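Dear colleague,

Please find below the structure that I am handing over to you, with its sequence. My findings follow it.

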Amino acid sequence: KLQATYSAHRGREQELTRIRERLERDREKKLFQEKARLFERLLEPLDNLERSLQAAELSGDLHALLEGVGLVYGGIQRTFSDLGLERFGEVGELFDPEGHEAISVAPVKNAAENDRIHMVYLPGYRLADAVIRPARVVVGKKN
């Protein structure tokens, strides 16, 4: 009887191991598919950047290059926004330690500018409610 109980227990353990392995494979497959969709969305802006660089190289027109890069930048920002990535950390926003990282302070004369973002070194990005990267900012401080 003890042997039968042991065998049944071992069989359940093996079944649980197979289930865990299948769930892990399914999770990895889903993650791969999500990555593939993300990269697929970013391929168009990447292609546009390559075309802009090629056109500027052929024409030697720096203004055309800047215009093309600006269009690609806008396309990438739209793609990120469509995927739910929100950019934050603009000059004039109230400093929030939850999403902003103060890299420096700048003296300000106006009390309304106290504890407000004076300069943005790097914008922050948020996905849903999770901060992906804090905004790195200079904060105004009234003397």
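The model is a predicted one. A search through the whole structure finds eight salt bridges.

Salt bridges

Among the eight salt bridges is one in which the side chains of Arg126 and Glu86 meet, at 3.6 Å from N to O. Arg126 belongs to strand E4 (residues 124-127) and Glu86 to strand E1 (residues 85-88), so this pair ties together parts that lie 40 residues apart in sequence. Glu86 has a relative accessible area of 39% and is therefore partly exposed.

Another salt bridge joins the side chains of Glu101 and Arg136, with an N to O distance of 3.7 Å. Because Glu101 lies in strand E2 (residues 100-108) and Arg136 in strand E6, the pair ties together parts that are 35 residues apart in sequence. Both ends are partly exposed: the relative accessible area is 35% for Glu101 and 24% for Arg136.

The side chains of Glu90 and Arg87 also meet in a salt bridge, at 3.7 Å from N to O. Glu90 counts as partly exposed at 39% relative accessibility, and Arg87 is partly exposed as well, with a relative accessible area of 36%.

Nonpolar core

Five residues make up the largest nonpolar core, namely Phe88, Ile117, Ala135, Val137 and Val139. Strand E6 (residues 135-142) gives the most to this core, contributing three residues. In soluble globular proteins, nonpolar side chains tend to be buried together.

Which residues does Phe88 touch, not counting those up to four places away in sequence? They are Glu93, Gly99, His100, Pro123, Gly124, Tyr125, Arg126, Val131, Arg133, Pro134 and Ala135.

Helices and surface patch

Helix H2 covers residues 62-82. Within H2, the residues Gly68, Val72, Gly74, Gly75, Gln77 and Thr79 are buried. The cover over the buried residues of H2 includes H1, E1 and E4.

A nonpolar patch on the surface is formed by Leu38, Phe39 and Leu83, which together have about 270 Å² of accessible area. Phe39 has its place in helix H1 (residues 2-59). With 52% relative accessibility, Phe39 counts as exposed, because the cut-off for that class is over 50%.

Backbone angles

Two residues other than glycine deserve a mention for phi. Asp115 has a phi near 65°, a positive value in a residue other than glycine. Asp115 sits in the loop between E2 and strand E3 (117-122) and is partly exposed, with a relative accessible area of 28%. Ala128 likewise has a positive phi, near 60°. The position of Ala128 is in the loop between E4 and strand E5 (130-133), and at 62% relative accessibility Ala128 counts as exposed.

With kind regards

Key: Residues numbered from 1 in each chain as written. Predicted model: local features only at pLDDT ≥ 70, side-chain atom pairs only at ≥ 80, totals over all residues. Heavy atoms only, no water. Core = buried A, V, L, I, M, F, W, Y, C linked by side-chain atoms within 4.5 Å. Buried < 20%, exposed > 50% of the residue type's maximum accessible area, 1.4 Å probe, protein only. Helix = DSSP H or I, 4+ residues; strand = E, 2+ residues; numbered from the N terminus. Contact = heavy atoms within 4.5 Å. Salt bridge = Lys/Arg side-chain N within 4 Å of Asp/Glu carboxyl O. Patch = residues over 30% accessible without salt bridge, like charges linked within 9 Å, V, L, I, M, F, W, Y side chains within 5 Å. Areas by Shrake-Rupley, 256 points an atom, 1.4 Å probe, with all protein chains shown as cover. Expected span 1.5 Å × (residues − 1).
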